[in-house]
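Let me put the sequence and the structure up, and then I'll walk you through a few parts of it.

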Amino acid sequence: MLHLRRKHVWRTEDGDAGNLWYNTGKDDLHGCGRRGGRMKAKQFAIIGMGRFGSSVAKSLHGLGYEVLAIDSSESRTHEVVNWVTHAVQADSTDEDALRALGVRNFDVVVVAIGQDIQSSILTTLILKDMGVPTLIVKAQNELHGKVLKKIGADKIIYPERDMGVRVAHNLISPNILDHIELSEDYSIVEIRATSGLIGKNLRELDIRAQYGCNVMAIKTGDKMNIAPHADDRLKPEDILVVVGRNDNLQQFERQFSE
């Protein structure tokens, strides 16, 4: 079991204070990303420990990466301290605080601030001005996303919208297991092999010619065939990973829905 304690109260040049929480036995904050003297491939800082931000932080840390979690709330910060490398209570709209934490040295910073759009925009501006290499920001809506894009966010994420799209596709076609939007016009879908697909090979289905889509891979249980052969026949447990234009994918979904 990890033992936790407050390391120290740190202060910015203006005298504002924040609490740094960490897992005992780990390196200090400036050593974040180092294990056995080797630097991890990437270091992540996640700002905003709401449901989305905390989920991203926990997932990255679970995959073995060093993660710095930042939130203005002490309670939310302390809730995630078991699941990240370091957790800091700080105001992300305070440039001095972010500089004191060395946020600009992280490879990727995710701004996952919830309903406070003003704080989201101001934090993004500060981080961009600091020269963060890759800046990913959660947007509440399309207008928010447009503003974030204009001020320099490298990638905009719409968790609620994207989940809504996935649920809608699943409701229309229960055999659609997942839907990932690549751009405004292109997506990737995972579609379960239905009776119209089972027993046929990719050559017979001729999905590219018939629907303008490409089968990237075929999943069978825990195995992934990333280079399916034209003569591979589909089995009842198979899942097709298909990429294409959204209108072509929708046609393909309707054709083989059950």
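So, one term to begin with: a nonpolar core is a set of buried Ala, Val, Leu, Ile, Met, Phe, Trp, Tyr and Cys residues joined through side-chain atoms within 4.5 Å. Buried means under 20% relative accessible area, exposed means over 50%, and partly exposed is in between, with a 1.4 Å probe and protein chains only.

Before we go on, this is a predicted model, so local features need pLDDT of at least 70 and side-chain atom pairs count only at pLDDT 80 or more, while totals for chains, interfaces and linings use all residues. Residues are numbered from 1 along each chain as its sequence is written, and side-chain values use heavy atoms, with hydrogens and water left out.

Okay, the overall picture. The protein chain has nine helices and 15 strands; these are DSSP runs numbered from the N terminus, helices being H or I with at least four residues and strands being E with at least two. Of its 258 residues, 44% are buried.

Now the core. The largest nonpolar core holds 24 residues, and Ile 47, Ile 70, Leu 98, Val 103, Val 109 and Leu 127 have the most contacts inside it. Two or more residues each come from β5 (43-47), β6 (66-71), β8 (108-111), α4 (117-130) and β9 (134-138). Helix α4 gives the most, with three residues.

What does Ile 47 touch? Contact here means heavy atoms within 4.5 Å. Leaving aside neighbours within four places in sequence, the partners of Ile 47 include Ile 70, Leu 98, Val 109, Leu 127 and Thr 123.

Let's stay with Thr 123, which sits in helix α4. Thr 123 is buried, at a relative accessible area of 0%. Its side chain reaches the backbone oxygen of Ser 119 at 2.7 Å.

Last topic: charges. Side chains of opposite charge can pair when their charged atoms come close. A salt bridge is a side-chain nitrogen of Lys or Arg within 4 Å of a carboxyl oxygen of Asp or Glu, and the structure holds nine of them. One joins Lys 138 and Glu 160 (3.7 Å, N to O). That pair links distant parts of the chain, strand β9 and helix α6 (residues 159-172), 22 residues apart. Lys 138 is buried at 8%, whereas Glu 160 is partly exposed at 45%.

Methods:
A polar contact is a pair of N or O atoms within 3.5 Å; within protein, one must be able to donate a hydrogen and the other to accept it, and residues adjacent in sequence count only if both atoms are side-chain atoms.
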